[in-house]
Amino acid sequence: MASARKRRVSDGDEDGQNDNQQRSAPQSLTHPISPPLKKRRLPDTPTEAKYHPPFKSVGSPFQLTKIKDLPAGLNKDTYTLRDVLGDPLISECWEFNYLHDIDFLMSAFDEDVRSLVKVHVVHGFWKREDPNRLALQESAARFNNVTLHAAFLPEMFGTHHSKMFILLRHDDTAQLVIHTANLITRDWTNMTQGAWFSPRLPLLKPEHDEGRPRIGNGAKFKLDFLNYLRAYDTKRPTCKDITTKLMKYDFSSINGSLISSVPGRHTVTQSTSSTNFGWAAMKSALAAVPIHSTIEHKPEVAIQISSIATLGPTDSWLKNTFLHTLGNTPATTFKVVFPTPDEIRKSLDGYMSGGSIHTKTQSPQQVKQLQYLKPLFHHWANDSASGLRMFPPRPLLSPSANAPSPNIAINASKVKNSGRKRAAPHIKTYIRSHRPTPESSETDIHIDWALLTSANLSKQAWGEALSAKENTVRISSYEIGVLVWPGLYGENAVMKPAFLEDALPPPEQTRGDGDGKGKEDYDGKDEVVEVALRMPYDLPLQPYGPGEVPWVATASHTEPDWMGRIWQA
């Protein structure tokens, strides 16, 4: 059998970069769905029914990429690279990433303006003799309108891992697209990816006051975003030009909080007029987000990533720094969503998907790390014959976390289908949820907050806390993401998981309760606002079984994938 090619990566938080030819896979998960109603109308009758206030639905702030080898029914509300870059009004594009295929990038622009768009590529290959840098230079030289910029990386294990587009248009608008995919073909075909698209940002009007920075508003987002870009200019001008241009745009339409990382040592600040990075940015943003923390609500945080770096032989950093940042309370359960070798074998690209998904279990330190992570591991596809199904979930790192649990089959009728179980994960999401009532099921949940980011589970990405006396965080890599929560959309808004599309189905509503109050008398104070959050994985999540381990790209896998290939380390 032919062996799948792969490359070794550092112990850091890097993506794989194989970009081999894709092969068609058997179609699955093809259950048809009916399209949702475009607009909810209150019925005119019956007047004797109980009155409910008008319903407002908000589409998902995160979107998924289109998967090449899945049917149209599983690709609703998805996007391609051409959807991002194909607008002929784009005049300038700044592309930030870890891996770049210049030909693939340029092919996504409209044919009529492809040679006219000013394209800036920001990469992390700062060593002049780096083969990746030389290959990038050779590719860029074929296009007169492409300029390369090398990000400064002072840390040994740091990478330029941010994934983002900044687009300027001829109609004097700008747009930010923060996403999870490398700029290579494989990442945009059969791997699950996600993105946050900002609204079109207009130029500032002279009389417009952007207001004071506040967690979640556009003024704070702009402050943090420009400070992120300024970090590239520490040693040499890199992003100064685009930073200056973006200062002239109005960010007030943005709802969300920027969570970014830049290399170096950073003082943790409590002021909203300053910018935190790494876990400190997440901590300060979450301080403004209301959450349900009682055990009756069964709150949980799902950490879904495509790479796990070396975190240490004990759970000190994970538990005391990172999970504490995410809101570690006695009631909170933490789950790490990461694929097993079997899930990689069954993915659309088989073992080739594994070249972009990383953790290690070979060294004694990594073996110890696996031991304390094992109770937290949950499946990506959630359909493993060897996996567990437990209720209620295990508390974080409890003494009984390793106790055996019955292998109970999941009731298929209760599974919420995301349509992505066979598209291997390269997306990174951090989602906190709770059950609105103690009787609610594991799939009937409300979302407290959600983060879409380039940052995996690593010290390099999130930073290490130095001594409390210094009040500083040390970060190695560039990362960027956006945090959202229901309060951004209204005082009484709720956020719920959405599956197979970017919208929630409308609730059953009637009006009139016999006291004469109807739609025409509605004062707007009790409007129901429901925000959809497009889910990249099925619910409920399935814990690993006793003999299951995470996928390891640096280990050999001799059991053939569905295409008959093996994986040689």
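Where is the place of His426? His426 sits in the loop between S15 and S16, and the report below, which concerns a predicted model, returns to that residue after a view of the whole chain.

## Overall architecture

The protein contains 10 helices and 23 strands. Of its 569 residues, 59% count as buried, and the accessible surface amounts to about 23900 Å², with 51% of that area belonging to carbon and sulfur atoms.

## Annotated active-site residues

UniProt, in an unreviewed entry, lists His161 and His426 under "active site". These two positions span 266 residues in sequence, yet no two of their C-alpha atoms are more than 12.7 Å apart, so they gather at one spot in the predicted model. His161 belongs to the loop between S6 and S7, whereas His426 belongs to the loop between S15 and S16.

With a relative accessible area of 0%, His161 is buried, and His426, at 0% relative accessibility, counts as buried too, because the cut-off for that class is under 20%. The side chain of His426 also makes a polar contact with the side chain of Gln193, at 3.2 Å.

## Annotated binding-site residues

The unreviewed UniProt entry also carries the annotation "binding site", which covers Lys163 and Lys428. Although these positions span 266 residues in sequence, no two of their C-alpha atoms are more than 11.5 Å apart, so they too gather at one spot. Lys163 is placed in the loop between strand S6 (146-150) and strand S7 (164-169), while Lys428 is found in the loop between strand S15 (377-378) and strand S16 (429-434). The loop between S6 and S7 therefore holds both Lys163 and the annotated His161, and the loop between S15 and S16 holds both Lys428 and the annotated His426.

Lys163 counts as buried, at 0% relative accessibility, and Lys428 is buried with a relative accessible area of 0%. Each lysine side chain reaches a backbone oxygen of an annotated histidine: the side chain of Lys163 reaches that of His161 at 3.0 Å, and the side chain of Lys428 reaches that of His426 at 2.5 Å.

## Aromatic pairs

The structure holds 19 aromatic pairs. One of them joins Tyr79 and Trp188 in an edge-to-face arrangement, with 6.1 Å from centre to centre and 80° between the planes. This pair links distant parts of the chain, 109 residues apart, with Tyr79 in the loop between strand S3 (62-64) and helix H1 (81-85), and Trp188 in the loop between strand S8 (173-179) and strand S9 (194-197). Tyr79 and Trp188 are both buried.

Phe322 and Trp462 form a further aromatic pair, this one tilted, at 5.1 Å centre to centre and with 50° between the planes. Here, too, distant parts of the chain are linked, since Phe322 lies in helix H7 (residues 316-325) and Trp462 in helix H10 (residues 459-462), 140 residues apart. Phe322 is buried, as is Trp462. Elsewhere, ring pairs connect Phe96, Tyr228, Tyr232 and Tyr478 into a cluster.

## An enclosed helix

Which of the residues of helix H6 are buried? They are Trp279, Ala280, Ala281, Met282, Ala285 and Leu286. Because 6 of the 8 residues of H6 (residues 279-286) are buried, this helix is largely enclosed by the rest of the structure.

## Cysteines

The predicted model holds 0 disulfides, where the criterion is a pair of cysteine sulfur atoms within 2.5 Å. Cys93 counts as buried, at 0% relative accessibility, and Cys239 likewise counts as buried, at 0% relative accessibility.

Methods
Residues are numbered from 1 along each chain as its sequence is written. This is a predicted model: local features need pLDDT of at least 70, side-chain atom pairs count only at pLDDT 80 or more; totals for chains, interfaces and linings use all residues. Side-chain values use heavy atoms; hydrogens and water are left out. Buried means under 20% relative accessible area, exposed over 50%, partly exposed in between (1.4 Å probe, protein chains only). UniProt positions are given in the numbering used here, feature names are shortened, and annotations may be inferred rather than shown by experiment. Helices (H or I, at least four residues) and strands (E, at least two) are DSSP runs, numbered from the N terminus. A polar contact is a pair of N or O atoms within 3.5 Å; within protein, one must be able to donate a hydrogen and the other to accept it, and residues adjacent in sequence count only if both atoms are side-chain atoms. Accessible areas come from the Shrake-Rupley method with a 1.4 Å probe; for residues, only the protein chains shown count as cover. Rings of Phe, Tyr and Trp (its six-membered ring) pair if their centres lie within 6.5 Å; planes under 30 degrees apart count as stacked, over 60 as edge-to-face and the rest as tilted.
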